[in-house]
Amino acid sequence: MMGVVPLASRNLLRQKLRFVLSMAGVGLALLLILSLDSIYTAVLRQVTAYPDNAGSPLIASQRAVETMHMSNSALPMSVVDDLRGDKRVARAEPILYQTVALGRKQQVYSYLIGFRKKGGPWRMVKGSSRPKDSEIVIDKRTAERLGVGVGAKVRIAGRRLKVVGLASGTTSVISSVAFVSYKTMERLLGTVGSASYVLIWPAKGQSADELASKLERDHAKVTVQTKEEFSKHERQVVSDMSTGLIRGMLIIGFIVGVVVAGLSIYTATTSRLREYAMLKAIGMRNMKLYGMISRQALMTVAAGLLLAMVLLFGLSQLVPRLDPIVSMVITPESLLRAVAITAIMGLISALLPARRVARVDPASVYRS
Amino acid sequence: MSRKVPLARRQLTYEPVKLVLALLGVMLSVALVGLLFGLREGIRKQVTTYEDNAGADVYVAAGDTTNFIGSGITSMPLSLGRELKQVRGVDKAAPVTNSLVILKLHDKRIATLLVGSSPGKTGGPWQMAEGRPPKKMGEIALDNVMAEAHSLKAGDHVKLKGTHLDVVGLTDRTASWMTPLIFTTQRQAGRLLRSEGKASFFLITAREGPVSKLKKRIAKRFPKLSVQLKDEIAANDRTLMAKTFNAPLLIMVLIALGVGALVIGITIYGFVSERRREFGSLKAIGERNSKLYTLVSKQAFAIAFVGLVAGVVLQRATSTAIHDLWPKFLFVSLGSHYILMVLAAFVMALAGALVPVRVLARLDPLEVFRR
């Protein structure tokens with residue numbers, strides 16, 4: 001019985017050290033892409049953390065304001081009362097919103113939310129989720145960055161607020177969310193009788209989608225969106241701002257990956273040129289040889305991908321410990337993207353060595 | 001007469017494709033490090049565009065305000081301006097209302113920094129590329145880089161927070177990747193932000209004497225207000241915004257360094273492993289390990305050096321090309337960046353030579369006689 005000799009893997013694994021170096025090179029290049037992707041995903045996820053978790057299916061804002069991130073919305077309380085009086089609305093809860101720099105020496109850019117009964121923190125790690133007058137709930141990671149804990153005081157707009165609770169899931173590299181009572185927020189802002197956004201729960205039998213357009217039609221001063229639309233627009237602000245930059249970095253990472261993989265496969269191939277000439281001499285066709293080289297390239301980049309994933313997981317655990325506000329989110333989509341990128345990388349990197357092998361003269365094996 | 005054989009160079013240039021790939025890898029890694037540092041510095045510079053150009057010496061705001069961008073909770077009655085002007089040494093106290101706002105242009109949502117200033121007073125646009133600064137309600141001036149990207153010009157209209165505004169001018173030197181500046185009148189900004197009759201900041205220009213003393217006088221007279229020198233508030237903005245990028249930047253730089261080192265490592269290891277017999281022969285005829293290490297290190301440093309030079313050229317060309325194509329991205333290269341790039345190349349060479357040196361150290365001179 002004739003067995004198939006796994007030439008590609010044998011060739012690749014014969015020099016284990018070189019294989020390890022190649023795998024590490026490709027792995028790091030892929031890590032460059034994956035880590036950027038995961039930081040970006042974490043930012044996109046955090047930027048919608050509030051609308052995603054505030055609990056209301058609909059969010060109303062000042063007319064033509066569709067976002068919270070880098071935005072400003074102001075509504076007179078009469079608008080909130082009008083919405084409350086609408087029979088199609090089961091509940092309408094105002095919130096006040098403002099961006100602030102929390103802390104003095106170590107500052108964290110933060111969304112400050114003033115809430116009454118609804119719209120407060122959704123996941124607590126420690127302490128109370130209902131701050132009273134002159135109290136505040138901040139994210140656990142923000143607290144670590146600021147070096148404070150429950151019971152400590154943080155300064156905002158000249159006032160010292162006592163930290164009474166630590167929330168989680170609201171911090172990313174670009175901002176964080178902190179919560180105070182509505183009254184405290186009014187005092188901080190120096191305004192009474194207004195709201196920034198209104199959280200709306202539809203009455204029984206009302207679909208959120210339809211109610212959003214009906215409310216917008218009937219209440220001239222507001223823009224009403226479902227929380228999904230609101231989150232989509234939040235993500236768009238961030239992605240419109242950073243798409244070019246992220247794409248540029250991904251392209252550089254991709255080229256680096258191709259170069260490293262190409263270099264390793266080329267090195268592995270040229271060191272075995274005699275063997276390839278031998279295979280040609282005994283009748284192996286160029287196409288088969290190309291296939292073999294491509295398999296080697298794909299195996300190298302696949303091993304690199306595995307290493308990159310392990311390193312990424314390690315990095316996602318390590319980085320938040322070094323800087324609590326930096327988080328990394330690994331999603332199945334980004335892993336799938338990485339697999340696709342890896343496959344393309346492998347195939348491109350096999351081109352150069354394949355050309356070299358194609359030019360090898362089978363007779364050269366008899367000459368030396 | 002014996003002549004020296006340039007072994008290191010001959011080995012390096014024996015396989016040109018391999019050498020080119022190695023140089024490409026190091027070049028890209030070095031360029032990436034340079035681009036990342038340049039971008040960070042560019043962001044730091046753009047973040048303080050307003051403070052650098054507005055012409056104010058001292059910034060007065062409410063409470064504990066430390067930043068101009070994202071200042072958030074800061075509002076003071078406009079009447080405070082009159083009291084500020086009475087402080088000795090104050091020439092002008094111009095009210096300014098600012099806020100981050102989203103400007104929807106076509107299908108894009110652009111985060112901008114809206115500045116509302118009193119016409120003719122400190123705090124408005126400092127250089128016009130086209131048209132004039134806003135003078136009355138319903139007027140706006142846009143950053144010209146952002147305007148050009150969206151085919152807007154003076155005479156066009158935009159809608160901000162549901163209000164139609166006439167674009168009366170395009171401003172120069174106000175571009176920013178994060179938040180380009182847009183200008184309107186202080187009254188219009190107050191109306192848009194629902195904070196009429198209030199100001200976020202008073203921009204103070206000194207009449208005479210050192211501004212630090214003026215700052216002290218204002219702070220003494222108004223102890224509940226935040227009083228900062230231009231440089232202080234600019235430094236705070238730089239810290240708040242630029243530090244956002246520190247951790248991701250560090251991750252990218254470290255990975256790029258690792259890639260560069262591995263590229264050198266793979267190449268030199270390739271040379272060494274393919275020439276084990278030659279190196280074995282050299283050892284057999286009495287060549288010392290230290291000489292062989294020097295040979296390998298020379299190769300590693302040669303690749304790192306050429307890769308460094310090519311990387312710097314690529315970094316300069318790429319940053320210029322990106323800025324030309326998308327002027328909102330600014331890359332600022334400092335001398336320290338080049339020192340870091342040289343250090344990066346040095347580290348890559350050292351790390352890249354490690355594995356081949358270990359292989360050489362373990363190489364048995366007898367190996368040459370076995371085959």
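Start by selecting chain B: of its 371 residues, 56% count as buried. Keep in mind as you go that this is a predicted model.

Stop 1: Switch to a cartoon view and you can look for 13 helices and 12 strands in chain B. The radius of gyration of chain B is 30 Å, well over the 21 Å that the globule rule gives for 371 residues, so the chain is more spread out than a compact globule. Turn the view along the principal axes, and the C-alpha atoms of chain B fill a box of roughly 95 × 45 × 35 Å.

**Stop 2: the surface.** Now show the surface of chain B. Next, color the charges: chain B has 51 positive and 27 negative ones, and their mean positions are 5 Å apart.

**Stop 3: the largest nonpolar core.** Which residues have the most contacts inside the largest nonpolar core? Select Tyr50(A), Ile113(A), Tyr50(B), Tyr59(B) and Phe68(B) to see them, in a core of 139 residues. Then highlight residues 246-274 of chain B: this is helix α9, which gives the core its largest share, 17 residues.

**Stop 4: around Tyr50(B).** Zoom in on Tyr50(B). Leaving aside residues up to four places away in sequence, the residues that Tyr50(B) touches include Tyr59(B), Phe68(B), Trp126(B), Phe183(B) and Leu203(B).

**Stop 5: another core.** Finally, move to chain A and select Leu83(A), Leu146(A), Tyr182(A) and Ile200(A). These are among the 37 residues of another core, which lies apart from the largest one.

Conventions. Residues numbered from 1 in each chain as written. Chains lettered and ligands numbered in written order. Predicted model: local features only at pLDDT ≥ 70, side-chain atom pairs only at ≥ 80, totals over all residues. Heavy atoms only, no water. Helix = DSSP H or I, 4+ residues; strand = E, 2+ residues; numbered from the N terminus. Rg over C-alpha atoms; globule rule 2.2 N^0.38 Å. Buried < 20%, exposed > 50% of the residue type's maximum accessible area, 1.4 Å probe, protein only. Lys, Arg positive; Asp, Glu negative; His and termini not counted. Charge placed at Lys NZ, Arg CZ, Asp CG, Glu CD. Core = buried A, V, L, I, M, F, W, Y, C linked by side-chain atoms within 4.5 Å. Contact = heavy atoms within 4.5 Å.
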